[in-house]
Amino acid sequence: MPAEKNSVVMGKIKRVGVLTSGGDAPGMNAAIRAVVRSAVYHKLDVTGIRQGYQGLIDSDFVQMDSKSVSDIIQKGGTILKTARCEEFKTPEGRNKAYNNLKAAEIDGVVVIGGDGSFTGARLFNEEYDIPFVGVPGTIDNDIYGTDYTIGYDTALNTVVEAVDKIRDTASAHNRMFFVEVMGAEAGFIALYSGIATGAEAIMIPEIKGEARNLKKIIEPDDHRKKSSNLIIVAEGDEDGGAIGLAAKVKDDFSNYDIRVSVLGHLQRGGSPSAIDRVNASRLGNAAIEALLDDQKSVMVGLQNGEIVLVPFRKAVKLHKDVNRELIELAKILSV
Ligand code: F6P
């Protein structure tokens, strides 16, 4: 990436805005910090935009400097707050946002969020000349063009810690547990946490029709019975998450003492892992460099450990698949 150290600002960008949008994710604060500090390093002014796109529409702006991002790298949530904004989906909403950005003399915006946020950013950049650059931040890890999204690693570790605890009680009572994890329409958290916790079965939206095979997966032969059975269910799985699946298959497991546990929003909180902090730092810095390099309508991502630029057009349209080999691995290791 070309931006040089302490480059004198000769280009169009003199002031950048930064916002977090959509579901919060651990590491968003680390990303805000990286955006602000990197901008300051390059002698840019920074405006924080509160409440995601809603803050653009309402001019909810705050001046930021190096000090305003002290002591946040380790904190969950987002100091800028976040929202899912319906108004930004309308041309009128985006027009208000543009006028407010112009009035505040903001020349470029870094959007930290997921695919919904990038869809809005893409639309905005089709209509207006203020460049938007995206930083992938969502626990779901479901964005095409980046191997990791900020927050995924932390959420995964949170899930693993919780499921390990459920395993203790499941074993003590010889119970079967259906544990539901987040992930929206994708199975990344379920697949990885399932492998990491030695789950007996993993149910993800990417694999259809597994409910009818569950009996065979849990009891591949007549002799095999484990003292506990953990089934990790992605919330987006076709049978309606853990509650729906447990109801559907309960007759197949009438000899089992079944419990359901929905982990819920605890997966979104907590102090970010070291990996999320480092990824957020790299991506936040890369977003500023991309703006300085006159990029627009792109997301900065990580592929094979390297920073890449991915057009929003691709990041929001193309489907990121789970690693199918891992699905097989999970089956092999649960015999
Ligand atoms: O996208 C992050 C996520 O936590 C998803 O995993 C989940 O489906 C959704 O957000 C929950 O959204 P909300 O917090 O609005 O209920």
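**Reading the ligand site**

Me: How do the residues of the shell around the ligand divide into nonpolar, polar and charged?

Reply: Ala, Val, Leu, Ile, Met, Phe, Trp, Tyr, Cys and Pro count as nonpolar, Asp, Glu, Lys and Arg as charged, and the others, Gly among them, as polar. Here the shell has 4 charged, 3 polar and 3 nonpolar residues. The model is predicted: local features need pLDDT of at least 70, side-chain atom pairs count only at pLDDT 80 or more, and totals for chains, interfaces and linings use all residues. Residues are numbered from 1 along each chain as its sequence is written, and side-chain values use heavy atoms, leaving out hydrogens and water.

Me: Which residues are around the ligand?

Reply: A residue is listed if one of its heavy atoms lies within 4 Å. They are Arg-84, Thr-138, Ile-139, Asp-140, Met-182, Gly-183, Ala-184, Glu-235, His-265 and Arg-268.

Me: How far is a polar side-chain atom of Glu-235 from an oxygen atom of the ligand?

Reply: A polar contact is a pair of N or O atoms within 3.5 Å. For Glu-235 the distance is 2.5 Å. An N or O atom in the side chain of Arg-268 is 2.7 Å from a ligand oxygen, and for a polar side-chain atom of Arg-84 the figure is 3.0 Å. Alone, the ligand exposes 400 Å² (Shrake-Rupley method, 1.4 Å probe), and the protein buries 69% of that.

Methods: A polar contact is a pair of N or O atoms within 3.5 Å; within protein, one must be able to donate a hydrogen and the other to accept it, and residues adjacent in sequence count only if both atoms are side-chain atoms.
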